[in-house]
Amino acid sequence: MTEVKKNSIETGLEIAVIGMAGKFPGARNLEEFWENLKNGVESFSFFSNEELIGSGISEALLKNPNYIRAYGVIESREYFDASFFGYSPKEAETLDPLIRLLHECSWQTLENAGYDPMSYNGSIGMYAGASDGFGWQVALRLKNLKEKTEDVTGHMTDCTLLLSSRLSHKLNLRGPSITMFTACSTGLVTIHTACRALLTGECDMALAGAGSVLSTDKTGYLYQEGMIMSPDGHCRAFDEKAQGTVYGEGVGVVLLKRLKDARADGDTIKCIIKASAVNNDGTGKASFTAPGKKRIADVIRTVLKLSRVDPEDIGYIEAHGTATSLGDAIELEALKEAFAAEKKGYCGIGSVKSNIGHLDVAAGIASFMKTILALVHQAIPPTLHFESPNPKMDFIDSPFYVNNMLSPWENHTETNGSPLRAGVCSFGVGGTNAFLLVEEAAPAFPAATQIKMPQLLLLSARTESALEKMTGNLVDYLKNNPDVNLADVAYTLQVGRRAFSHRRMLVCSASDEVVEALSFPGNERVQTSVVKSKGRSGSPDRGL
């Protein structure tokens, strides 16, 4: 029987997050992302003139005093296991780096949840958003990678508009497949749309996510006074010195399922989406690019009404927080208006943009993943560079305070057993606003008593090198999680992974036995073989 905490009212609209994967500046995976967040790491890269000239930036631009040499870059994004996903080398060359990364993150998300779409009987939807890819298409033509052939197939490999359909085709996803774009709010809008599809029964599970990647990995930007970019390459959300943000790259994907189904299936639930909503400012703002306070407040109120959650039971808000003097002030006023709470200073507020910058289309998914990780670890990471509040923002007469240090989340709620809850904001240029309310997930089952019984552990991969990497990953995982139930590990490896030609098996009764057996090549307890497999892909082997 699932534990439901006090003050947790379930409406039937709840959606479970059961898998996730992402890559962000300074973080190859979500484990590294959390380490950076909790330790207050600023993950921007600052490039030398030589590096920028090598990336095609003109010397004339570099002499401009307003050219800022900072950017949040995803490392090693040039590597891609093309054959793993059934691409020829030529196709892989023309495939947009963003599309490559979304292939990897979608696969990793499914593995993180323990599902193989080839054997899963239900339908899985795909809701993805991406930056337009124009820079990559221009680079392709300049490099003549397409030679003289402009065939339809070649165009489809670099077209982000077909992103979701391409992912569904390669991963065998048979639910709705929709590519979306609402500018900066795209990441959160894909999640909202996927939730609606699940609630109406269009699919049984849904992948949702977004990505933004430039065609070059070394670049900067031109600072213009009054625009959203920072004049010094640092993002100071909510601070009196805030003058803008920094651009960054990022990719993130989550796997969603109706909460009641996730509980029935025994899935590991990362967090619960209580409710979500989307709207648009219409004409109710100063300009097309400006945020609109009234409609932002409306979308937050809608979520609070749908979720039946008292604003005083919310302990944290992950804000859009672009560190612009006007934008941050409007966001705070909208939150104050929507919350209408008498209690003051009880809810932390922060912005991941101070760590990794503004990821454009992927901004919302980065905020969402930061919030999930904070719920899982029950700690709120610091928002960087906050010293004194923006004078246009009245925090004293509000429920909010800027969280600028790593803080245990238990200290941020006084609701006597109420689950931890957080809101996530994302507002797009053009006025599409999104807000989600998430809640910590109670364990579906009580912690199992460790009983030393022999367990069959199966590993398989498409290549020998991938099998060795997978073996090392298992050893590292068991070392870092010595209390994990080995029976659960064995079950996931048997049922939640696809079988491929390079295989390894062993029988052990405890995690330390597995670590010892796999750490020494030639151990007689470990059997390795190669068999014929009909699978066209397997555990990715990073490389192009």
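Biologist: Let's start with strand E6 (residues 177-180): in which sense do E5 and E6 pair, and over how many bridges?

Modeller: E5 and E6 pair in the parallel sense, over four bridges. Strands pair here if DSSP finds at least two bridges between them. In E6, Thr-179 is the bridge partner of Ala-128.

Biologist: Before we go on, what sort of model is this?

Modeller: This is a predicted model, where local features need pLDDT of at least 70 and side-chain atom pairs count only at pLDDT 80 or more, while totals for chains, interfaces and linings use all residues. Residues are numbered from 1 along each chain as its sequence is written, and side-chain values use heavy atoms, with hydrogens and water left out.

Biologist: And the H and E labels, what are they?

Modeller: They're DSSP runs numbered from the N terminus: helices are H or I with at least four residues, strands are E with at least two.

Biologist: Back to E5. How does E5 pair with strand E7 (residues 205-212)?

Modeller: That pairing is in the parallel sense, over seven bridges. Ala-130 has Gly-211 in E7 as its bridge partner.

Biologist: How many residues of strand E5 (residues 124-130) are buried?

Modeller: Seven of the seven, so E5 is largely enclosed by the rest of the structure. Buried means under 20% relative accessible area, exposed means over 50%, and partly exposed is in between, with a 1.4 Å probe and protein chains only. Ile-124, Met-126, Ala-128 and Ala-130 point one way from the strand, while Gly-125, Tyr-127 and Gly-129 point the other way.

Biologist: Switching to helices. At what angle do the axes of H5 and H8 cross?

Modeller: The axes of helix H5 (residues 97-113) and helix H8 (residues 163-171) cross at roughly 50° and come within 11 Å. That makes H5 oblique to H8. For the terms, under 35 degrees is roughly parallel, over 145 roughly antiparallel, 65 to 115 roughly perpendicular, and the rest oblique. Axes are lines fitted to C-alpha atoms, for helices over the stretch in contact, and angles run from 0 to 180 degrees between N-to-C directions.

Biologist: Which residues in H5 meet H8?

Modeller: Among them are Leu-102, Trp-107 and Leu-110 in H5, and on the H8 side the contact includes Leu-163, Arg-166 and Leu-171. Contact means heavy atoms within 4.5 Å.

Biologist: OK, new topic: the sheet with E18, E19 and E20. What order do the strands have?

Modeller: The order is E18-E19-E20, an open sheet of three strands with antiparallel pairing. Strand E18 (455-461) and strand E20 (527-530) are the edge strands, each pairing on one side only. From one strand to the next, the twist averages 20°.

Biologist: Over how many bridges do E18 and E19 pair?

Modeller: Seven, with strand E19 covering residues 502-508. Leu-459 stands opposite Arg-504 in E19.

Biologist: Which strands does helix H15 lie across?

Modeller: H15 (residues 464-480) lies across E18, E19 and E20, running at about 140° to E18. Helix H16 (residues 486-495) lies across E18 and E19, at about 40° to E18.

Biologist: Last one, the loops. Is Phe-238 buried or exposed?

Modeller: Phe-238 counts as buried, at 1% relative accessibility. Its phi is near 70°, a positive value in a residue other than glycine.

Biologist: And is Arg-308 buried or exposed?

Modeller: Arg-308 is exposed, with a relative accessible area of 56%. Arg-308 lies in the loop between helix H11 (293-307) and strand E11 (316-318), and phi of Arg-308 is near 60°.
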